[in-house]
Amino acid sequence: MGTRDRMLDAAAHVMRTRGMARATTKEIAKESGFSEAALYKHFRDKTDLFLAVLQERAPGNLRALLTGLTDRAGKGELRAVLEEVATEALDFYTETFPMAASVFSEQTLFTAHRDALQERGMGPHAVRAALAAYLKAEQRAGALDPGADPESTAALLLGACFQSAFLTHFTDAPNPAPADLVRTLLQPLTPAE
């Protein structure tokens, strides 16, 4: 295993157990067996580390799925694609919620983190934007009711996934089945056959 991989594994472990707000680069470097100077040769700052953990160590394939989503419009069943998105989002949010939640506990850290994400053109809004773009394309293809609001539909599905992930940690209740979330969401939004 290479240096960068060891650093990412250490960062993922520290961020999962302590949260991003309490994880320090010093602690991550120590966990990885390297110096902080070595850490900074691979990552610009803690935000870079966090993003790399989300992209390379979080379960599933949410980012890759969203990247090619619009190209799938009109080529498959809307329900099946949204179930795939819900499955990936549930896994991603369930895994990353404990890491990311701590960022909100310190206003200075939150502001710096938000600004760093915006500078990189990244952040949680990108997930909703990608799903909304796909839903708009499906709407043009006739799979989604013309009166439906793709932005709100994306927010409802992802919001349900995020809230379910939160409750899973809070109550130990299992996540709902993605098929149930999607069926309930789409029932009033798909054209009658």
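Predicted model: local features only at pLDDT ≥ 70, side-chain atom pairs only at ≥ 80, totals over all residues.
Trainee: Which residue does Asp115 form a salt bridge with?

Mentor: With Arg114. The closest N and O atoms of that pair are 3.7 Å apart. Arg114 is also partly exposed, at a relative accessible area of 34%.

Trainee: How many salt bridges does the structure hold?

Mentor: It holds 7 salt bridges. One of them joins the side chains of Lys136 and Glu151, at 3.3 Å from N to O.

Trainee: Where do Lys136 and Glu151 sit in the chain?

Mentor: Lys136 is in helix H8, which covers residues 124–140, and Glu151 is in helix H9. The two residues are 15 apart, and the pair links distant parts of the chain.

Trainee: And how exposed are they? Start with Lys136.

Mentor: Lys136 is partly exposed, with a relative accessible area of 33%. Glu151 has 34% relative accessibility, so Glu151 counts as partly exposed too.

Trainee: Which residue does Arg183 pair with in a salt bridge?

Mentor: Arg183 pairs with Asp180, and their closest N and O atoms are 3.1 Å apart.

Trainee: How many residues separate Arg183 and Asp180?

Mentor: They are 3 residues apart in helix H10, residues 178–186, which means about one helical turn lies between them. Arg183 is partly exposed at 42% relative accessibility, and Asp180 is partly exposed at 35%.

Trainee: New topic: helix packing. At what angle do H6 and H9 pack?

Mentor: At about 40°, with their axes 8 Å apart. Helix H6 covers residues 78–101 and helix H9 covers residues 150–171.

Trainee: Which residues of H6 and H9 meet?

Mentor: The H6 side includes Leu82, Val85, Leu90, Tyr93 and Phe97. From H9, the residues include Leu157, Cys161, Phe162, Phe166 and His169. By class, the contact has 14 nonpolar residues, 4 polar ones and no charged ones.

Trainee: OK, what about H1 and H2? At what angle do they cross?

Mentor: Their axes cross at roughly 125° and come within 8 Å. H1 is residues 3–18, and H2 is residues 25–32. This pair is oblique as well, and H1 passes H2 in a right-handed crossing.

Trainee: Which residues are in the contact of H1 with H2?

Mentor: H1 brings Arg6, Met7, Ala10, Ala11, His13, Val14, Met15 and Arg18. These meet Glu27, Ile28, Glu31 and Ser32 in H2. The residues of this contact divide into 6 nonpolar, 2 polar and 4 charged.

Trainee: Last one. What is the phi of Asp172?

Mentor: Asp172 has a positive phi of about 65°, although this residue is not a glycine.

Trainee: Where is Asp172?

Mentor: In the loop between H9 and H10. Asp172 is exposed, with a relative accessible area of 69%.

Methods. Residues numbered from 1 in each chain as written. Heavy atoms only, no water. Axes fitted to C-alpha atoms, helices over the stretch in contact; angles between N-to-C directions. Helix = DSSP H or I, 4+ residues; strand = E, 2+ residues; numbered from the N terminus. Contact = heavy atoms within 4.5 Å. Nonpolar A, V, L, I, M, F, W, Y, C, P; charged D, E, K, R; others polar. Parallel < 35°, antiparallel > 145°, perpendicular 65-115°, else oblique. Left-handed = near helix turned anticlockwise from the far one by under 90°. Salt bridge = Lys/Arg side-chain N within 4 Å of Asp/Glu carboxyl O. Buried < 20%, exposed > 50% of the residue type's maximum accessible area, 1.4 Å probe, protein only.
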